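Thanks, everyone. Please look at the screen.

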Amino acid sequence: MKAHLATFLDAARKRVEAGAYRLEGPALESNGSLAAVVRRGGALLTEMKPASPTEGRLLRRPAREVLHEFMQGGADALSLHTDADPFDGSPALLREAHATGLPTLMSDFIVGEAQLDCARHNGASAVLLIERALGGERREALVAAAHARGLEVLLEISDAAEWQAARGSKADLVGVNTHGGEPGAGLAAATILLGHIAQERPGTVVALFDLNDRAGVRLAHAAGAAALVGTALLKSPDAALFLRSLRRPLATICGMRTASDVATAAEAGADLVGLELGSPNSPRNLNTLEAQRLADQARVLGLRPVLVTHSTDLATIREWCRFVRPDYVHLHRPAPPEWVHSLAAIPVHVLFGLRPDDEVPAEGAGLVIDALADSQSGLPHDGGTSRPLVEAAGGRFTFIEG
C-alpha cells in the first residue's frame, strides 16, 4: 500500500475533479458518534470493501445483504470504502449502510473538502484521514473542516514516527495500520504501538490492520483498542456467524428431535443446531418433514440449522438439503471438492467431520473435529490433537465434537 499511495491519491483527485463525490438524494443525519462506540471498549468495527489490491474481488453478493449480516453478527460500527480505485467502492455504500442504524466511517483517500461534504450528506459519523498522505498543516486543516461539518476524524498512522508527528492532532480517534508502514512490521509491533497510543489517549484507538480470528481481536482489545475486521469477514460464507466467533467460541448442539429441544438450545445460547438424517439406527434420526419443521423453527429463533449425515450419496444429500433448507450440512468424512460446489448451488455450506489423522480438505466452510474415533463417547477432548487441524483450517469455522 505504501508504494502505491501516490497513485491512489492521484486517483482520488481525479475522482473529485470528475464529480464522483457529488451530492445525490436527500441529506442524511448521522447514526451517532463513532468515538462514543470506541470509548465504550471492546468494539468491533466491520469493513465493507468490494475489492482489494491484494485479494481481488471480495463482495460477491448484494452489499445490503452483507451489511445486514454485519448488523446481525453484532457489529458496533461500519467502515465503508467509497474509493473506486482500488477498492471498487462508492458513496452509495454509505447510504446503504446508513439503513442499519449503526455509526459509519467513510474510508477513502481524502484529499479535499468535496469528499467531506459527501460524507456529511450521506450520513457518515466520521471520516478517515491518512497521516502519510497529508502531514501536519494539511492534516489539521482537514480535521478542522471535518469538525465544522459535524464529522469526527479517525487518523490513520502506520508507525511510531508518524505517531510522534501526529501526537498533537485534534483528530478524535487514532487508527494503527502497519500495512502502510515499514516492511516486516507485524502483529506484535502493531500491538505494542496500539498499547502506547492507548495509554496516551485511552478510549480513542482502533486497530486497522488485518485481524482474522478471535485471538487477534482479543489482542487488540487487551491493548485498549477497538478492532476493525475486513478481508476475513468478507471472505466468510456467513458474516454474521463469523462476527459472533470473534467475540466468543461458537456452540453447536446436535441431536435435535423436538421443537422443545430447539427452544432449549436457543435458550442455552447455542449458535447452531444439528438435525440428523440418514442414520436409521440412531434414536436421533429424523425424517425429512420433521427436519424441515425443526430447521424452520431454528431460523426463527436465530439459530443456524445443520443437516448432519453419515450418507455418502451426494444425490440423496442434495435432495434432503433442497427440502430441509439447512444453512450447513455436516458430512462425517472429507468429500471431493465437487460436492462442495454442488451443494453451494442450493445454497448450503459444507462442514467436514475430521479425525486428528485426517487430511484437511481445501474446500468447505469449516471443520468439525471428532474428539475420538467414537465421536459420541462423551469423553473430554484432547486439545493437543486437534490444534494442527485448527491451524490448517485457515480461518474457517472449527468445532470440537465430543
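Start at Val 127. Setting aside neighbours within four places in sequence, which residues is Val 127 in contact with? Contact here means heavy atoms within 4.5 Å. The list runs Leu 105, Met 106, Ile 110, Leu 116, Ala 119, Ala 146, Leu 151, Glu 152, Val 153 and Leu 154.

A word on the source. This is a predicted model, where local features need pLDDT of at least 70 and side-chain atom pairs count only at pLDDT 80 or more, while totals for chains, interfaces and linings use all residues. Residues are numbered from 1 along each chain as its sequence is written, and side-chain values use heavy atoms, with hydrogens and water left out.

Back to Val 127. Val 127 sits in the largest nonpolar core, which has 70 residues. With Met 48, Phe 70, Ile 157 and Leu 194, Val 127 touches the most other members. By nonpolar core I mean buried Ala, Val, Leu, Ile, Met, Phe, Trp, Tyr and Cys residues joined through side-chain atoms within 4.5 Å. Buried is under 20% relative accessible area, exposed is over 50%, and partly exposed is in between, with a 1.4 Å probe and protein chains only. There is also a second, separate core of 32 residues. Its members include Ala 270, Ala 291, Leu 307 and Trp 320.

Now the rings. How many aromatic pairs are there? Two. The rule: rings of Phe, Tyr and Trp (its six-membered ring) pair if their centres lie within 6.5 Å; planes under 30 degrees apart are stacked, over 60 edge-to-face, the rest tilted.

Phe 8 and Phe 109 make a tilted pair, 5.2 Å centre to centre, with 40° between the planes. Phe 8 is in helix α1, residues 5-17. Phe 109 is in the loop between β5 (104-107) and α5 (113-121), and the two are 101 residues apart. Helices (H or I, at least four residues) and strands (E, at least two) are DSSP runs, numbered from the N terminus. Phe 8 is buried at 7%. Phe 109 is buried too, at 6%.

Next, Tyr 328 and Phe 397. This pair is edge-to-face: 6.4 Å between centres, 80° between planes. Tyr 328 is in strand β14 and Phe 397 in strand β17, 69 residues apart. Tyr 328 is buried at 1%, and Phe 397 at 5%.
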